[in-house]
Amino acid sequence: MAELPVPELPAALSRCSGRFTISTLLGTEEGGRGPYTPPEGAGCDSPHPTHLSGSTLGTRTFGYNTVDVVPAYEHYANSKVGGDGGKGRPSLADLHSILKPDPGRLHPPVSDPQRSNGLPEEAPGEPGRAPQPEPVRFGWVKGVMIRCMLNIWGVILYLRLPWITAQAGIALTWLIILMSVTVTTITGLSISAISTNGKVKSGGTYFLISRSLGPELGGSIGLIFAFANAVAVAMHTVGFAETVRDLLQEHNSLIVDPTNDIRIIGVVTVTVLLGISLAGMEWEAKAQILFFLVILVSFINYLVGTVIPATAEKQAKGFFSYRAEIFAQNFVPNWRGPEGSFFGLFSIFFPSATGILAGANISGDLKDPAVAIPKGTLMAIFWTTVSYLVLSATIGACVVRDASGSLNDSVGLGSPGCEGLACHYGWNFTACAQRQSCRYGLSNYYQSMSMVSGFGPLITAGIFGATLSSALACLVSAPKVFQCLCRDQLYPLIGFFGKGYGRNSEPIRGYMLTYVIAVGFILIAELNAIAPIISNFFLCSYALINFSCFHASITNSPGWRPSFRYYSKWAALFGAAISVVIMFLLTWWAALIAFGIVIFLLGYVLYKKPDVNWGSSMQASSYNMALNYSVGLSEVEEHIKNYRPQCLVLTGPPNFRPALVDFVGTFTKNLSLMLCGNVLIGPRKQKMPESRLTADGHTKWLTKRKIKAFYTDVVAEDLRSGVQMLIQAAGLGKMRPNILVLGYKRNWRTVSPQSLEDYVGILQYGHTGSSAPGDTRWGPVVGCGDTAATSSGSGQAGSATQHERATINCLLPPSSDAFDFKYGVCLMRMKEGLNVSRVMQAHVNPTFEAAQHPEENGTGGKAAPGTEDPCPDASPSEQQASTIFQSEQGKKTIDIYWLFDDGGLTLLIPYLLGRKKRWGKCRIRVFVGGQINRMDEERKAIVSLLSKFRLGFHEVHILPDINQKPRLEHVKRFEDLIAPFRLNDGFKDEATVNEMRQGCPWKISDEEVNKNRAKSLRQVRLNEILLDYSRDAALIAITLPIGRKGRCPSSLYMAWLETLSQDLRPPVILTRGNQENVLTFYCQ
């Protein structure tokens, strides 16, 4: 822990606390103060800290004053990315130095409102404003358990469970119940695990799935789940309206007609429920408790009725109280009708086991969701399961399957011709049983519970309570889930419904939308077709919740730490799979519709790529997959057939050289690695903050341009050393670059000699490495660093460093950077240049002076002070300049001048480019050198070789005039080009030449001009050929010439490249492989 002795600190330091900003750390040496000297009237620690001091507790705890702070809840609240210090925790820089604090940060840590009372996280109110009233929060009983039990119980409990017991028998009915409960229990365990893995806010099921699996699946499920809840309001309301309509029919009191009565009663009912919801969550909770009590009373009424001795009227309807014989007969199945099958009955019963998400859907209104959701949901599943099992067993032990309901069917015991169990109790139901015309009994009478109960109207009240409570729960759930979805802005045109009102942030607009949807489906008055779809939507949610739990567990993310331990990832996977199976068992066509809607919404979110980061398990899974595949790839031996051009592109800031980015991105997309490298030249302390600030912006620029590439930067004292760092350190395992791509240095004639040496050293050779024995060309010199290499550091201090570095480098023999590391080289030149930074800067600052920016740097390094984009999020980096590689090329040609065998890289890159749609119509021509008297033989040989490579290159041209002398005016132009770099030693002896060129090894001696004359004339001649054959091509690819190490000065080599590629309108790609095969015609 960093200590600051109290006696050494001035008392004025007591006025400082909080975390320092980057600007504070960088601006502390003003006025000649040392980096550790506190400015007047400021400080960070004090022997008597005030309430603003972050070290108060540390002083009390450790007995001395310290910038360090003890662990606190506030330091971790709202942290979103690794390394975020939260509120109040000092940074590493704070612990190393005493610096002037940022006055804007002098405030005590703000506690999280949800830490103790569950309030939503909002900005603190203005001073003097009255505090907002606390919202209503519910515990696990009132908020989750009762709500889930009410949503699970429904009309199936009262009207269908006795019938299912008659069909499947008590044994198989229990199996159906337990199978259904197994799915819901597993889902409940998964909900419990997810909801206890961090703070849960409003949004319920959508929040849990989206924050676990990400916005793609979470958004699609959230939208359809909210819609399903809205339609479920109509379903439950229509169930209530139908029951009321039946009562009216019994008393001949219809309002209009059966269908319109359902509509009238349904609309009135849902309007009343809306009023209860708009009154607030407190009133809605009170209504739910009332419904809960009604259902409990109806249950008690039913159980009391089973022990009351049966009257003659009830016996005529099949009720004989508890009888072992009846239990034994009803214990086995008796299938009847088209739905008389196990899975048919299972599909009917399963919806009555759903509803376990009702508590989770109001997670934002719970006091402690992490405790309430697991406890309340699992308890609701337990008690509803018990109620189903008890009801099935009791009614199966009391009521026979068939009864006529006629009092005239009573007979004496042992009467002849009487068949069936009822004969033992004095009733003969044989006639109606044989004709299958019995109106009563478990198999025929849906109101068996009402008949058995002590007071029938209480069962009707229970049906009302079950339907209305479910409708009310769905009416509350749908807007709550939809509100969270709207606030996340994953889909367009729905943000209007995200606004909340009142202390509970009630989604009033969402309530109204749900009301409109519900009324629309109520008016249909026939929901048999839509009901299976809703059940499938709920099952789809269960499947994704279980999969979320499994996926979060299997990824082994350190962030998956649920406090609820009683779950299994394999059980969750089983729950997800069985939920999908049940979807198809219920209604296969509805399952297909549900999956179709999910896939459509999923595709939309994948296409839009919303800018959200929730730390989902998909992100953890992506990391795991990348890590495993990268490690596995390291164990695979390389083979020529699997060679891929993996490019390290020296772009500098990528938005400065968009053409270079587009060119490489075109042929590496979905194929191989592309890594954009940037060298930040200057002092490390000055450039490191800039590197951290700009990296994300450059990555976003690449993403916006749809370039699949990585971005990396290094801080170095000069370009050459920075590129060497990139070449050595870039990549991971086998995912390492093997080609160095850079731009052509157009201003090579005007830059400092050292800058020219660095550039050519990256390409061919330079001042580091080894040389031939006896080579004394690079001895101690003075003046190599007279002109500082391009840097962004402060002028004079930087110049001294550059001079020392250059002097040291001049002591070293020549070496190549790219070729020493077995890299291929690809050099790109465009007539209009590559660097667009001057245009972008002029767009932002009209007074920008062109002199501040060189014409072209070409290497991707720092070109000059001010050329780099200090803020990649500003408008310059957001601009997407169009380039030739983004447009359709039509029926032009791609001309390949395969002059020297470099392993085939000169052929491979144009081939990959030609496979892309924009270049697909281009005709590829291959030009090779040859002799005029052997043109046909050489052409056939090259065509045969290309056919073995299977590249599809059929147009081959032999250049017999490649060795002809160039025109005199072009030779004169070349000589004028190298004239400023001539040593003009007059062929003096070697010792004299070495003495003349001390301090300027880049200059060209007369002997070197003479020895390289043939090669120089070849470049002049090649340029004439290029102008003759490829003036209108879309792209020209040429084999890059190589200069002899120690025998070709950097200025002469650049003159070759300049002469070779000058006056050409198409982009010119000069490529040289590392002389190892990248093409093969063997199959093994």
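Analyst: Asn1023 is buried, with a relative accessible area of 1%. Buried means under 20% relative accessible area, while exposed means over 50% and partly exposed lies in between, using a 1.4 Å probe and protein chains only. Asn1023 sits in helix α35, which covers residues 1013-1029. Helices (H or I, at least four residues) and strands (E, at least two) are DSSP runs, numbered from the N terminus.

This is a predicted model, in which local features need pLDDT of at least 70 and side-chain atom pairs count only at pLDDT 80 or more, while totals for chains, interfaces and linings use all residues. Residues are numbered from 1 along each chain as its sequence is written, and side-chain values use heavy atoms, with hydrogens and water left out.

Not counting residues up to four places away in sequence, Asn1023 touches Arg973, Thr1059, Leu1060, Ser1061, Gln1062 and Leu1064. Contact here means heavy atoms within 4.5 Å. With Gln1062 there is also a polar pairing: a polar atom of the Asn1023 side chain lies 2.9 Å from the backbone oxygen of Gln1062. A polar contact is a pair of N or O atoms within 3.5 Å; within protein, one must be able to donate a hydrogen and the other to accept it, and residues adjacent in sequence count only if both atoms are side-chain atoms.

Other buried residues can be described in the same terms. Trp898 lies in the loop between β6 (893-897) and α30 (905-914), and its relative accessible area is 8%, so Trp898 is buried. A polar atom of the Trp898 side chain is 3.3 Å from the backbone oxygen of Phe900. Beyond four places in sequence, the residues in contact with Trp898 include Leu907, Phe927, Leu946, Phe949 and Thr1039. The C-alpha atoms of Trp898 and Ile1038 are separated by 6.3 Å, although these residues are 140 residues apart along the chain.

Pro162 belongs to helix α6 (residues 161-195). With a relative accessible area of 1%, Pro162 is buried. Leaving aside neighbours within four places in sequence, Pro162 is in contact with Leu157, Ile395, Leu442, Ser448 and Met449. From C-alpha to C-alpha, Pro162 and Tyr446 are 7.2 Å apart in space, and 284 residues apart in sequence.

Thr430, in helix α15 (residues 430-435), is buried too, at a relative accessible area of 9%. Its side chain makes a polar contact of 2.6 Å with the side chain of Asn428.

Over the chain, buried residues make up 53% of the 1084 residues. The secondary structure comes to 36 helices and 10 strands. Of the contacts with a separation of 6 or more, 80% are between residues 24 or more positions apart.

Finally, confidence. pLDDT is the predictor's confidence in each residue, from 0 to 100. The chain has a mean pLDDT of 77, and 78% of its residues reach 70 or more. Over residues 81-86 the pLDDT is below 50, and this stretch has nine contacts beyond near neighbours in sequence. Residues 766-814 also stay under 50, with 102 contacts in the model beyond four places in sequence. Where pLDDT is low, the predicted coordinates should not be read in detail.
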